[in-house]
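Trainee: Before we go through the labels one by one, please show me the model. I want to know what stands behind each term.

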Amino acid sequence: MAAQDVEELFDILDDGGRPLGVRKARGLVHRDGDWHRSVHVWVLLERGPDGLELDSRQSAADPWVLFQQRSPDKDTWPGALEVAVSGHYRAGEDLAGALREAEEEIGLPLSPRDVVRLGTRRSQDDHAPGIVDRELQDVLLATTRRALEELRPDPHEVTALLSLPLDAALRLVRGEVPRASGLVRRPPDAAGAVKVEPRDARLDEFVVARDGYFERALDTIRRRLAGDAPAPWLLG
């Protein structure tokens, strides 16, 4: 299976996010820079790691935020770290359908009742030669009791899963620290064994987000956990 299907059909939008009634293959959408819908799901792990030597400012009881490392075969940002779940709406698909990406990518089944909306992001990215990726992203949050080792990253799309303490991740994306310490979980080896081990992450390993997206999302998550109820935002 390839990391992406260039023939997968998307619904095309205008620059205000309104459907144009046109369906187009993924490869052509990215070639022509058409607006289309995608979904980003931030995932919080309620269960902290066992047996990890933590930074003095960290606690296993604190919430940990999940990131994925993209496959090296991805057409955009190969090998980079990003939001736990990111994928496109297929043509004619609603949110319930688009959330299939969570199970496909990391083995976490989700329905609309399992997520809350953080906001909406208008993203324009032309860093890769021959690709202009214009997305209207539904930015959502899910919380799970599953431990890192219980998740199942699809090796065709996801090289590894990285979990970082929420506060450490927020300091990292704000540029307050050069790295954050967490745990990485890789797909099972040939014998089926799952390995979870410590890993440091640097900001330059993540998908570039010059619009402050990572900080906005992580800060909103932190505020929600503190009992605030911030209104969904529009970024971009």
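Trainee: Which strand gives the most to the lining of the largest pocket?
Mentor: Strand E7 (115-125) gives the most, with 5 residues. Strands are DSSP runs (E, at least two residues) and helices likewise (H or I, at least four), numbered from the N terminus. This is a predicted model, where local features need pLDDT of at least 70 and side-chain atom pairs count only at pLDDT 80 or more, while totals for chains, interfaces and linings use all residues. Residues are numbered from 1 along each chain as its sequence is written, and side-chain values use heavy atoms, with hydrogens and water left out.

Trainee: What makes a residue part of that lining?
Mentor: It must have an atom within 4 Å of a pocket point; the points lie on a 1 Å grid over the protein atoms alone, in an open set where a 1.4 Å probe fits, with protein on both sides within 12 Å along at least five of seven lines. The lining of the largest pocket has 43 residues, and Arg 70, Thr 76, His 88, Asp 133 and Glu 135 lie nearest the centre.

Trainee: How many residues of each class does the lining of the largest pocket have?
Mentor: There are 21 charged, 12 polar and 10 nonpolar residues. Asp, Glu, Lys and Arg count as charged, Ala, Val, Leu, Ile, Met, Phe, Trp, Tyr, Cys and Pro as nonpolar, and the others, Gly among them, as polar.

Trainee: Why does Asp 219 count as buried?
Mentor: Buried means under 20% relative accessible area, exposed over 50%, and partly exposed in between (1.4 Å probe, protein chains only). Asp 219 has 18% relative accessibility, so the residue counts as buried. Asp 219 lies in helix H5 (residues 213-225).

Trainee: And why does Asp 94 count as partly exposed?
Mentor: Asp 94 is at 47% relative accessibility and therefore counts as partly exposed. The residue is found in the loop between strand E6 (85-88) and helix H2 (95-98).

Trainee: What makes the pair Asp 219 and Arg 222 a polar contact?
Mentor: The term needs a pair of N or O atoms within 3.5 Å, and within protein one must be able to donate a hydrogen and the other to accept it; residues adjacent in sequence count only if both atoms are side-chain atoms. The side chains of Asp 219 and Arg 222 are joined at 2.6 Å.

Trainee: Which residues does Asp 219 touch, not counting those up to four places away in sequence?
Mentor: Leu 170 and Arg 174, where contact means heavy atoms within 4.5 Å.
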